[in-house]
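Please read them with the structure open.

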Amino acid sequence: MPVATAVPTDDQSVSKNGKDVAEKWPLWKLILMALPQLSVQVLWCFIGPNSASYMRHLGMGNALATLNNVAGPLTGFFTGPIVGATSDSLTSSFGRRRPVILAGLISTWVAGMLFASSEHFLPKGQAVYFAAPMYWIMDVTINILQTPHRALVADLASEEQQLPMQVVFVFMMAIGNFLAFSIMKAFNPPVDHMFQLMLGICALNTFCVGVQFMVARETPLKRDPNAPKQSACAPVMDVIGAVKSSPKLLYHLAAVQCLVWIGNTAWNLYAGQWFGNSVFQGDENAPKNSHRYHLYEVGIDYFTYGGQGKAGLQLISSLVIIWILLKTTIRPRLVYAPCIYIGAVVSILAAGVVGHNGTFAIVCMVISVMPETGSFAVPFGLVATLNKRAEEEGKQVSTALQMALLNCCVTVGQQICTMVLAGIEGKMSLEAALPCVFILAAAAQVLGGTGALFLDDRPPTDASDESTKDEDSETGNAESSEEHTDSRSE
């Protein structure tokens, strides 16, 4: 990893007793810097459930259209850590994070508009061959765009602001989810308006990034002139080095995140099919005027209502979590674990109790957001706090890279859930297979919640108090030994 040092500006630090003291950013400015997370979430929430439908709209077969959805998790697994490592070591005069965000925004505009407009400049039978690879490229560009956002805020927030700001990110995501589900209800079906919707969502991302850039001021990194030059493989080697040198807490969080997201993926990717095919026993491939097709439409309508309610609860629960973390002494693990257990309970209900009750299904879907709210708030906040503490001690930190590694574990959970469901579907019908994935979700989240209970989330004062006690004990022993020696000499 290259040797680089921060070059403070007059706006960002002052000198006190020969040491640089970072500027204390007000919370409202940090919230504005987190605004792009809202627009990125709109993009993910819109693309996720509609990509397969759009591929079928262009002529792709059902199985291939569904398989094409692995693009997000697979590209995110590799792109996130490399982008994080690049961002951590970037020595641009504009800072470490903003150049990467700008590159991601521009490339998302290009890839997104080409993907959404493929049917307008290519025949229907040929457009799919262009749109499918462009979808994979777009997933890469969105990962480039979103990876530095949390790290930028973590760089500028103080230690006590780290956890609350990660909860603010969840707050932004909740608004983004609600907006995306509202768009889906307003433009029905969304695949018939893909170009217009993609144009509007890219414009929204541009606006949010513009607000972020107007507020944020980064301290550039200056490379040590005596440091060896970086090779082209430096970001990859940085990833390997960060994995080896990461604290045990990161590994623990990684395992918990993977388990939690096995459950979250069951709801985020397959709840729509569960409503349409299992709860209401509809069929999207039935003739459009048939009873089964109408049942599927009703199921998807219930699904969008559930999605809006889910976003609303995510908004409320994120505020409750931030209040608990700010105003009480309850440790983060004791907030995170109950959120995960709640998700396990509703997954069990979805698998064995809901049946064909649409209202009960909506209630379960709404409450299923609790593990996701916790997974985006507490783990990233703990990593940010840990790195801020290490930075103040003069240690080298890789905030963006470590947050990207946590996101990698999210993609692993997504892949596990998808592959297991695909295996189940090979043995039984879609209608019968979908409830089974919620059994998997419940089991994974029970294990994840138990793992979260044992997280080492002690506050810095605990560690410093123990260190002080050890030093006092050693000093006392030394003084006692000296007194004993003096008495023997007399």
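1. Start with Cys436. Leaving aside residues up to four places away in sequence, Cys436 touches Ile424 and Met428 (contact: heavy atoms within 4.5 Å). Cys436 lies in helix H17, residues 430-453; helices are DSSP runs of H or I of at least four residues, strands are E runs of at least two, and both are numbered from the N terminus. Cys436 is partly exposed, at 24% relative accessibility. Here buried means under 20% relative accessible area, exposed over 50%, and partly exposed in between, with a 1.4 Å probe and protein chains only. Ile348 is 88 residues from Cys436 along the chain, yet their C-alpha atoms are separated by 9.7 Å.

2. A word on the basis. This is a predicted model, in which local features need pLDDT of at least 70, side-chain atom pairs count only at pLDDT 80 or more, and totals for chains, interfaces and linings use all residues. Residues are numbered from 1 along each chain as its sequence is written, and side-chain values use heavy atoms, with hydrogens and water left out.

3. Now the whole protein. It has 18 helices and 4 strands. Of its 490 residues, 51% are buried. Take contacts between residues at least 6 apart in sequence: 82% of these join residues at least 24 apart. The protein exposes about 22400 Å², and carbon and sulfur atoms supply 63% of that area. Accessible areas come from the Shrake-Rupley method with a 1.4 Å probe; for residues, only the protein chains shown count as cover.

4. How many disulfides does the structure hold? The count is 0, where a disulfide is a pair of cysteine sulfur atoms within 2.5 Å. Cys258 is in no disulfide, and its nearest cysteine sulfur, that of Cys409, is 6.4 Å away. Cys258 is buried, with a relative accessible area of 15%. Cys45 is buried too, at 11% relative accessibility.

5. Look next at helices H11 and H12. They pack at an angle of about 145 degrees, with axes 7 Å apart. Axes are lines fitted to C-alpha atoms, for helices over the stretch in contact, and angles run from 0 to 180 degrees between N-to-C directions. H11 supplies Trp267, Asn268, Ala271, Gly272, Phe275, Gly276 and Asn277 to the contact. H12 supplies Tyr296, Gly299, Ile300, Tyr302, Phe303 and Lys310.

6. The loop between H11 (248-279) and H12 (291-327) contains Gln281. Gln281 is not a glycine, yet it has a positive phi of about 55 degrees. Gln281 is partly exposed, with a relative accessible area of 34%. Ala286 lies in the loop between H11 and H12 as well. Ala286 is buried, at 14% relative accessibility. Not counting residues up to four places away in sequence, Ala286 touches Arg292 and Tyr293. Ala286 and Tyr296 are 10 residues apart in sequence and 9.2 Å apart in space, C-alpha to C-alpha.

7. Finally, check Glu372. This residue is in helix H15, residues 370-392. Is Glu372 buried or exposed? Glu372 is buried, at 5% relative accessibility. Beyond residues up to four places away in sequence, Glu372 touches Asn177, Trp261, Asn264, Asn268, Lys310 and Gln314. Asn268 and Lys310 are also among the residues of the H11 and H12 contact. Val170 is 202 residues from Glu372 along the chain, and their C-alpha atoms are separated by 8.8 Å.
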